[in-house]
Amino acid sequence: MLLCKGQMFAPVAHAIHKECFDKPWTEKEFQELLALPTSCLWMDQGSLLLCSHVLDEMEILTIGVCLNKRHQGKAQSLLSEMFDYAKQHQVRRVFLEVSEKNVPAIHLYEKMGFQPMGRRKGYYEKGKVDALTYQKTL
């Protein structure tokens with residue numbers, strides 16, 4: 001896993017994201033996010049995790065593993081790397097949101113110690129799917 005800082009990683013992040021999601025973020029969106037000093041991106045072959053780190057809190061913005069790399073523990077490894085970074089930087093809480101339809105991700109987050117916080121009604125798919133919000137206290 002590599003912690004990547006800077007806009008130069010946008011093309012690779014976009015390529016991975018495109019392989020992971022039906023509606024991927026654009027390369028420009030990655031460039032804009034990676035230009036922010038608060039952004040932290042971890043990448044490995046066919047996987048990525050992008051967070052925002054402000055003071056003692058982090059938010060997972062996206063995490064993805066390409067289809068041909070799934071079921072190999074990559075998402076768990078990315079989260080573990082992010083937790084190590086968080087602890088080294090005195091982060092106290094990590095937040096995320098996930099589609100209620102993404103059962104594998106929900107199981108992973110709960111396995112990694114995230115606790116449910118709430119629900120955002122109609123957040124995904126043009127108001128048809130709720131987002132579940134989670135937090136983990138470190």
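Helices (H or I, at least four residues) and strands (E, at least two) are DSSP runs, numbered from the N terminus. This is a predicted model: local features need pLDDT of at least 70, side-chain atom pairs count only at pLDDT 80 or more, and totals for chains, interfaces and linings use all residues. Residues are numbered from 1 along each chain as its sequence is written, and side-chain values use heavy atoms, with hydrogens and water left out.

Start with the backbone. Most residues other than glycine have a negative phi. Q90 is not a glycine, yet its phi is positive, about 55°. Q90 sits in the loop between α3 (74–88) and β5 (93–99). L55 is not a glycine either, and has a positive phi of about 55°. L55 belongs to the loop between β3 (47–54) and β4 (57–65).

Are these residues buried or exposed? Buried means under 20% relative accessible area, exposed over 50%, and partly exposed in between (1.4 Å probe, protein chains only). L55 has 74% relative accessibility, so it counts as exposed. Q90 has 58%, so it too counts as exposed.

Next, the pocket. The search runs on a 1 Å grid over the protein atoms alone. A pocket is an open set of points where a 1.4 Å probe fits, with protein on both sides within 12 Å along at least five of seven lines. Lining residues have an atom within 4 Å of a point. Grid points are joined across faces, edges and corners, and a volume is the space filled by probe spheres set on the points.

How much space lies in the largest pocket? The value is about 1,500 Å³. The largest pocket is lined by 35 residues, and the closest to its centre are C20, F21, I63, N102 and A105. The elements that give two or more residues to this lining are α1 (10–20), β4, α3, β5, α4 (103–111) and β6 (115–124). The largest share, seven residues, comes from β4. By class, the lining has 16 nonpolar, nine polar and 10 charged residues. Here Ala, Val, Leu, Ile, Met, Phe, Trp, Tyr, Cys and Pro count as nonpolar, Asp, Glu, Lys and Arg as charged, and the others, Gly among them, as polar.

Now the rings. A pair of aromatic rings is described by the distance of the centres and the angle of the planes. Rings of Phe, Tyr and Trp (its six-membered ring) pair if their centres lie within 6.5 Å; planes under 30 degrees apart count as stacked, over 60 as edge-to-face and the rest as tilted. The structure holds five aromatic pairs. One of them joins W42 and Y85: the centres are 5.4 Å apart and the planes at 80°, so the pair is edge-to-face. W42 lies in strand β2 (residues 39–44) and Y85 in helix α3, so the pair ties together parts that are 43 residues apart in sequence. Both W42 and Y85 are buried.

The rings of F83 and F114 have centres 5.9 Å apart and planes at 35°, so this pair is tilted. It links distant parts of the chain, with F83 in helix α3 and F114 in the loop between α4 and β6, 31 residues apart. F83 and F114 are both buried. Ring pairs link F83, Y109 and F114 into a cluster.

Charges also meet rings. A charge sits over a ring if NZ of Lys or CZ of Arg is within 6 Å of the ring centre and within 35 degrees of the ring normal. The charged end of K136 sits over the ring of F83, 4.7 Å from its centre. R120 lies over the face of Y123, at 5.7 Å from the ring centre.

Turn to the cysteines. A disulfide is a pair of cysteine sulfur atoms within 2.5 Å. The structure holds zero disulfides. C51 is buried, with a relative accessible area of 0%. C66 is in no disulfide; the nearest cysteine sulfur, that of C20, is 4.0 Å away. C66 has 7% relative accessibility and counts as buried.

Finish in strand β5, which holds V94. V94 is buried, with a relative accessible area of 0%. V94 and Q135 are 41 residues apart in sequence and 5.4 Å apart in space, C-alpha to C-alpha.
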